[in-house]
Amino acid sequence: MVRSCEEDISAWVYLGTLLLLMHFHCVTVNGAALKQEAALDNGATVLNHSMSLVHRMETLLVMGNSSDVTLRVQTINTDEVKVIQAHSLVLTLHSDVFEELLLTRNNSAVVLRETPECAAVFDKFVRYLYCGDISVRLDQAISLHRLASKYHVWGLQQGLTQYMTQHLSSDSPTGHVVGWYNYALQVGDMTLQDSCLQYLSWNLSSVLQSGEWGSISEDLLLSLLQRSDLVLQSELELYEALEGWISQNQPISMTVEKALKAVRYGMIPPQHLFRLQKQSPLMIKYYESIRDLLYLAFQFHSASPIQLAKYFDVNCSIFTPRNYLSSSWGSPWVINNPTRDDRSFSFQTQLGPSGHDSTKRVTWNALFSPRWLPLSARSTYTELGAMQPTRTDGGRPRIIVTPATSSPDFAGVSFQKTVIVMAKQQGRVVVRHVYNFHQSTEEAGDFLVDADLQRRASEYLIDSSLYLHIIIKPLYHTLLVARK
């Protein structure tokens, strides 16, 4: 029996699709794709024409040859309809949702109702099913992620989540991180949600200066204000940005009061608190709601921390610093060619944020080594008192930060050290990692544990240099509970 041309084409489509599936079904081990046919015979030579096959599959989609299903993509609340000639075999290989739709259809057409944003990229989404690659812009990421989630194309969904987490710092006219966070919250994508929240927290100073700050929702605002890992210039910067957000968004009074109560007034110098009391319209309007917090802040600034700790709980958030970048809290440190040798650096900070300690300074010694032995094997001091690390080729990058001298003023205070590592992503300098360690542990044991500083293009380096910012955060402890 003579076969028709249509039957030949259908057979070719079937074979081509299966070959494409085999190409995508490579086994991945340690990041390397091992083709199954190569694994059968190590002595064989693999002739790879997969790109030609992808091109043929794309042509098949564009021309609609031997199509057995018509996708009618209708934009919700409009008369706009996009028609795509597709092949049921390709659709069902990727999506069990498409498989169910095709099994229950009454004719060759399947009607799909999509939002305008999703309808605009639906042809791009279908092309991915045929070719296995897709070009994505920042403004298309959510729509494509919605489609991948809706039709259970899990590989594309995971790829888009990864794309979004890697492009948080990309420049966009109106900003996109807040929108991605809201979307992740809506669909329950915890990976994307946590990545967006961490980015906003660690780069808050730049976010406050952008147009994106005004678009932050009330829930996201209150969530950020509760965090101690915010990286910004000062608490005053946060208060002034909050004032601008409230003026722009006009939330209800309950939201304003919650936000104002989350400000850490003890971290704002008293001279600025006095000015805000008289000149800030927001503080004047809501003064009664935060009066007790302001009184407590002024008491904190007027007495020694040890005296205050006898009568008040100094472990509450109003006395807990965030990651402030101003010079009174720490110092930047740029290490050129960080794998070359050990480096040391000295800087000064305030003893504490209390106005009582405003004139007292503490000198700190920081020591960085690209290859470092455990503490037990380290020679810490020479006869001259200088720190001398023991180096080894098998060690890891380490940093230690210690006070140059001890002082009676340290009583009742412990110091948390925070080391911020900067990086350049999509042309912008952003916070790559934040490491915290305490007075009882002089170094951060996991410092740069995943960084390859030997590689000039390392994501931890900017122009072959390591950009750090060291912050010293005094933490106060209650010494005695006063009798009532």
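# Briefing: helix packing, buried residues and backbone

Leu61 is found in helix α3, which spans residues 50–63. The model described here is predicted. The chain has 484 residues, of which 43% count as buried. Its secondary structure comes to 19 helices and 14 strands.

**Whole chain**

- The accessible surface of the chain comes to about 25,100 Å². Carbon and sulfur atoms account for 52% of that surface.
- Among contacts between residues at least 6 apart in sequence, 66% join residues at least 24 apart.

- Leu61 and Cys131 are 70 residues apart along the chain, and their C-alpha atoms are separated by 9.5 Å.

**Leu468 in β14**

- Leu468 lies in strand β14, made up of residues 465–476.
- With a relative accessible area of 3%, Leu468 is buried.
- Residues up to four places away in sequence aside, Leu468 touches Pro332, Trp333, Ile335, Ile399, Val419, Ile420, Val421 and Phe447.
- From C-alpha to C-alpha, Leu468 is 8.6 Å from Ser331, while the two are 137 residues apart in sequence.

**Gln193 in α11**

- Gln193 lies in helix α11, residues 190–202.
- The relative accessible area of Gln193 is 12%, so the residue is buried.
- Tyr181, Ala184 and Leu185 are in contact with Gln193, leaving aside its neighbours within four places in sequence.

**Helix pair α7 and α8**

- Helix α7 covers residues 122–131 and helix α8 covers residues 141–150. Their axes come within 10 Å and cross at roughly 55 degrees.
- The crossing of α7 and α8 is right-handed.
- On the α7 side the contact involves Phe122, Lys124 and Phe125, which meet Leu144, Leu147 and Ala148 in α8.
- By class, this contact of α7 with α8 has five nonpolar residues, no polar residues and one charged residue.

**Helix pair α9 and α11**

- The axes of α9 (residues 154–166) and α11 come within 10 Å and cross at roughly 5 degrees. This makes α9 roughly parallel to α11.
- Thr161, Met164 and Thr165 of α9 make the contact with Thr191, Leu192 and Ser195 of α11.
- The residues of the contact between α9 and α11 divide into two nonpolar, four polar and no charged.

**Helix pair α15 and α18**

- Helix α18 covers residues 287–302, and its axis comes within 10 Å of the axis of α15. The two axes cross at roughly 10 degrees, which makes α15 roughly parallel to α18.
- Glu257, Leu260 and Lys261 in α15 meet Ser289, Ile290 and Leu293 in α18.
- The residues of the contact of α15 with α18 divide into three nonpolar, one polar and two charged.

**Residues with positive phi**

- Most residues other than glycine have a negative phi.
- Gln250 has a phi near 50 degrees, a positive value in a residue other than glycine. Gln250 is found in the loop between α14 (235–249) and α15 (253–261). The relative accessibility of Gln250 is 60%, and the residue counts as exposed.
- Asn337 is not a glycine, yet has a positive phi of about 45 degrees. Asn337 sits in the loop between β8 (330–336) and β9 (343–350). With 39% relative accessibility, Asn337 counts as partly exposed.

Technical notes: Residues are numbered from 1 along each chain as its sequence is written. This is a predicted model: local features need pLDDT of at least 70, side-chain atom pairs count only at pLDDT 80 or more; totals for chains, interfaces and linings use all residues. Side-chain values use heavy atoms; hydrogens and water are left out. Axes are lines fitted to C-alpha atoms, for helices over the stretch in contact, and angles run from 0 to 180 degrees between N-to-C directions. Helices (H or I, at least four residues) and strands (E, at least two) are DSSP runs, numbered from the N terminus. A crossing is left-handed if the near helix is turned anticlockwise from the far one by less than a right angle, and right-handed if clockwise. Contact means heavy atoms within 4.5 Å. Ala, Val, Leu, Ile, Met, Phe, Trp, Tyr, Cys and Pro count as nonpolar, Asp, Glu, Lys and Arg as charged, and the others, Gly among them, as polar. Buried means under 20% relative accessible area, exposed over 50%, partly exposed in between (1.4 Å probe, protein chains only). Accessible areas come from the Shrake-Rupley method with a 1.4 Å probe; for residues, only the protein chains shown count as cover. Angles under 35 degrees count as roughly parallel, over 145 as roughly antiparallel, 65 to 115 as roughly perpendicular and the rest as oblique.
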